[in-house]
Amino acid sequence: MGTAERRAASGDGAATPEVAARSARTPDRGLLTGVGVAVEERGLSARGDEERMYYRPLWIEEPARRRRLPDPVRTAAVRAVLIIAVTLLQAMVALLCTLAGSWLAFPMVLSSVASTIAATWGVLDVWVTRQVWNQRNGVVSAPSSTARSLRRERRRARREARAAERTQERIRRRGGAGQLSHP
């Protein structure tokens with residue numbers, strides 16, 4: 001979609017009829033740009049045979065089913081996946097070298113054993129990082145969770161403190177009328 005076409009397109013994502021007709025004539029443009037595709041629809045109307053252009057998006061965005069991983073956990077997971085990939089590659093090379101009878105088989109077997117230990121460490125790192133993050137930054141509370149009851153108690157204490165403060169303010173505004181002793 002060129003600059004002129006971008007200016008002609010409306011702001012809500014739908015193309016104007018001119019832009020849709022132009023992109024229908026040049027099918028190689030606009031197909032993989034994520035903008036949308038103009039589709040030609042033929043149907044019978046009261047006036048006879050009519051051709052109409054409409055805008056159909058290439059994809060429809062859906063909300064994510066799961067929340068995104070926290071940054072430290074995602075970093076550990078990427079590190080673990082890379083270590084596992086290298087370990088699998090080393091194991092495959094060690095197997096092929098063993099089958100070929102190469103001198104490189106023994107060093108590759110040793111390095112793949114070391115990589116297997118490192119990969120196990122990487123997976124444990126993901127698990128520990130996730131547990132630490134959940135512990136430091138809160139947990140998703142289930143109905144039986146103690147976190148929910150603690151939050152409820154804190155809210156009730158704050159509510160009572162605000163109510164007591166409002167009562168004291170009301171007494172101060174009235175000039176202390178009705179108050180038996182001064183604090």
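A: In the unreviewed UniProt entry, the annotation "transmembrane region" covers residues 76–103 and 109–128, with positions given in the numbering used here and with the caution that annotations may be inferred rather than shown by experiment. The model is predicted, so local features need pLDDT of at least 70 and side-chain atom pairs count only at pLDDT 80 or more, while totals for chains, interfaces and linings use all residues. Residues are numbered from 1 along each chain as its sequence is written, and side-chain values use heavy atoms, with hydrogens and water left out.

Over residues 76–103 the chain is 89% helix and 0% strand, with end C-alpha atoms 35 Å apart; over residues 109–128 it is 100% helix and 0% strand, with end C-alpha atoms 29 Å apart. Helices (H or I, at least four residues) and strands (E, at least two) are DSSP runs, numbered from the N terminus.

Helix 3 (residues 71–100) contains V93, and M92 lies in helix 3 as well. V93 has a relative accessible area of 27% and M92 one of 44%, so both are partly exposed, a class between buried (under 20%) and exposed (over 50%), using a 1.4 Å probe and protein chains only. V93 and A105 are 12 residues apart in sequence, with their C-alpha atoms 7.9 Å apart in space.

T129 is found in helix 4 (residues 105–137) and counts as buried because its relative accessibility is 18%. Leaving aside neighbours within four places in sequence, T129 is in contact (heavy atoms within 4.5 Å) with P72, V73 and A76.
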